Each structure stands twice: as C-alpha cells, then as structure tokens.
Amino acid sequence: MEKTQCYVGAPNGVVLCVDCTEDRCISGRLYHAYSREAVAFHNMDEVLFLVEQLYDGLNFPHPTVNSRTFDGAQQRIPVKERTKIMKDEELLSKHGDMGTFIIRVQHRQNSSWQGRITWMEKDKTVNFRSIWEMIKLVDSALNTVSEQEGGTVELQWEDEEAQGESES
C-alpha cells in the first residue's frame with residue numbers, strides 16, 4: 001500500500017526522527033531541507049527551540065507576536081535567503097528507530113504553532129492547534145509503539161482522522 005500522507009510539501013517542513021525514549025524524554029535527529037546534516041536533540045524543548053530558530057531564520061511562517069524586551073533593544077534574527085539543499089525525497093528517506101514525524105507548521109499565532117503532523121509509520125496525518133497538542137500527539141504515538149498495544153493511546157490519531165473525513 002502506498003503511503004499517501006508522507007510528503008513534506010512546505011518550505012518549512014521538518015522531519016522529526018525519534019530514536020530513543022527514556023524516562024518520558026525523547027531524543028533523536030531533526031532534518032530540514034536547508035541542511036544535509038542532522039540536528040541532534042535530547043528532549044522536546046530542544047526540538048521546539050531548534051524549529052523556532054529555523055522558522056525565524058526563514059521568516060516563514062511569519063509570527064504574529066514578536067519577542068519583547070524591556071531594555072529597548074529588539075533582538076532580531078537577520079533573515080537571509082536560504083537555498084534548499086535536500087529534496088523532499090531525501091528528507092522522507094530519514095527514519096527514527098522509534099518513530100518518524102513530518103511537521104508542517106502553517107501558522108505561528110498566539111505564541112504557538114498551528115499545522116499538520118504526519119506519523120510516517122502509520123501514514124496518518126492530524127491537524128494540531130498548538131505546540132502542546134503536537135507534543136501530545138508525538139507522545140501518544142511513541143507510547144503506542146513502546147506498548148505494542150495500540151488500544152486507547154492511538155485513538156487520538158484515529159479520532160482526529162475520522163473527524164476530518166466526516167467534515168469532508
């Protein structure tokens with residue numbers, strides 16, 4: 001069966017490869033089209049900061065809220081034209097030992113992210129409304145893998161997918 005949900009399709013799409021979950025802390029590698037090198041991470045906080053830095057450097061998606069300082073000096077990351085180095089096919093060939101997720105952030109509103117996340121191993125895509133919701137989706141997918149018994153944990157992915165189909 002062909003995987004229909006597995007595509008990057010956005011200039012800011014990232015592939016999150018999770019290699020290890022220990023004490024509810026994930027570690028692995030992060031890939032994007034603007035570098036051939038993997039960016040290692042040791043927890044979800046690092047993932048969020050790394051991806052936010054990428055988006056700030058790309059200035060896409062544009063944040064609706066800017067960082068504030070009280071000393072009057074705005075800290076602004078210079079936006080430079082970036083050239084894609086890796087094609088989508090190369091990005092999609094990267095896989096984590098425990099799970100692989102394609103994150104496509106469409107908006108950065110209300111100091112959070114909104115977009116779509118695809119769990120590559122299950123070929124399922126779900127919309128998320130906040131960073132917290134995205135983290136919970138990754139966590140639930142990894143719990144499903146580690147328990148080897150989908151049960152109630154995987155329902156978050158199935159319920160979202162079923163809702164999307166019923167709205168169509």
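## Ground rules

Helices (H or I, at least four residues) and strands (E, at least two) are DSSP runs, numbered from the N terminus. This is a predicted model, where local features need pLDDT of at least 70 and side-chain atom pairs count only at pLDDT 80 or more, while totals for chains, interfaces and linings use all residues. Residues are numbered from 1 along each chain as its sequence is written, and side-chain values use heavy atoms, leaving out hydrogens and water.

## A look at N12

Let's start with N12, which sits in the segment before β1 (14-22). N12 counts as buried because its relative accessibility is 1%; buried means under 20% relative accessible area, with a 1.4 Å probe and protein chains only. The N12 side chain reaches the backbone oxygen of V105 at 2.8 Å.

Leaving aside residues up to four places away in sequence, N12 touches Y55, L58, F60, P61, I103 and V105. Contact here means heavy atoms within 4.5 Å.

## The nonpolar core

A nonpolar core is a set of buried Ala, Val, Leu, Ile, Met, Phe, Trp, Tyr and Cys residues joined through side-chain atoms within 4.5 Å. The largest one has 41 residues, and those touching the most other members include L16, I103 and W113. Among the elements giving two or more residues to this core are β1, β4 (99-107) and α1 (44-58). With seven residues, α1 gives the most.

The predictor's confidence in each residue, pLDDT, runs from 0 to 100. Its mean for the protein chain is 85, and 80% of the residues reach 70 or more. Over residues 149-153, pLDDT stays under 50. Where pLDDT is low, the predicted coordinates should not be read in detail.

Methods: Buried means under 20% relative accessible area, exposed over 50%, partly exposed in between (1.4 Å probe, protein chains only). A polar contact is a pair of N or O atoms within 3.5 Å; within protein, one must be able to donate a hydrogen and the other to accept it, and residues adjacent in sequence count only if both atoms are side-chain atoms.
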